[in-house]
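Here is a short briefing on one protein chain. Please look over the fold first, then the core.

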Amino acid sequence: MSEVPPARRINYRHQVWRRLIPIDDDEDKTKGETRSGETALDDDAETLVKSPKMTLELYLKEWLGQKKIDGVREITQQGYKDTVDIYILRHPVGTKRLSQITPRDVQDLYNHLQFRGLSTVAIKGVRTLLRMAFRQAIVWRYIQTNPAADIPAHIEAQGTM
């Protein structure tokens with residue numbers, strides 16, 4: 001078996017990988033340069049934890065549990081749970097792996113909700129919840145970018161173009 005460069009080593013027991021960053025010519029190159037001119041970050045704060053089997057559904061359940069621990073009011077928690085159960089998990093995006101969700105998937109969800117006749121306010125509520133949840137996933141190092149961040153806030157009224 002050939003040896004894997006340190007920057008690409010995967011620990012399957014804990015599903016951890018190291019992010020790669022480019023090395024500037026002016027920077028000290030003692031960080032362990034790889035063949036591709038990139039280096040692995042050794043700082044534990046920069047380690048990303050990969051949960052390969054975590055779907056959006058499992059993640060949102062974990063996120064909702066954390067909201068309860070954070071002391072979010074019960075009525076707000078129920079609103080979050082209803083939004084997740086009624087609007088997000090009934091769409092195919094709910095079964096996708098968290099790490100594989102793209103901005104296009106999020107846009108498809110919004111389009112689906114719009115075609116179902118959901119109000120603009122309700123769609124914006126779904127958008128707000130997803131943005132909060134994906135921001136927390138970044139903090140928890142489940143994903144690197146927020147797929148809901150760049151989706152426009154303006155959603156056209158049904159029947160107009």
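Which residues does Ile 88 touch, not counting residues up to four places away in sequence? Ile 88 touches Leu 56, Leu 60, Thr 83, Val 93, Gly 94, Leu 109, Val 126, Leu 129 and Leu 130, where contact means heavy atoms within 4.5 Å.

This is a predicted model: local features need pLDDT of at least 70, side-chain atom pairs count only at pLDDT 80 or more, and totals for chains, interfaces and linings use all residues. Residues are numbered from 1 along each chain as its sequence is written, and side-chain values use heavy atoms, with hydrogens and water left out.

**Fold**
- The protein chain has 4 helices and 4 strands, taken as DSSP runs (helices H or I, at least four residues; strands E, at least two).
- From the N terminus, the order is β-β-β-β-α-α-α-α.
- Of the 161 residues, 30% count as buried, meaning under 20% relative accessible area with a 1.4 Å probe, protein chains only.

**Core**
- The largest nonpolar core has 29 residues; such a core is a set of buried Ala, Val, Leu, Ile, Met, Phe, Trp, Tyr and Cys residues joined through side-chain atoms within 4.5 Å.
- α1 (56-69), α2 (74-88), α3 (103-115) and α4 (120-139) each supply at least two residues of this core.
- The largest share, 8 residues, comes from α4.

**α2 against α4**
- α2 and α4 pack at about 105°, with axes 10 Å apart; axes are lines fitted to C-alpha atoms over the stretch in contact, and angles run from 0 to 180 degrees between N-to-C directions.
- The two helices are therefore roughly perpendicular (65 to 115 degrees).
- Tyr 80, Thr 83, Val 84, Tyr 87 and Ile 88 in α2 meet Val 126, Leu 129, Leu 130 and Met 132 in α4.

Definitions and conventions. Buried means under 20% relative accessible area, exposed over 50%, partly exposed in between (1.4 Å probe, protein chains only). Angles under 35 degrees count as roughly parallel, over 145 as roughly antiparallel, 65 to 115 as roughly perpendicular and the rest as oblique.
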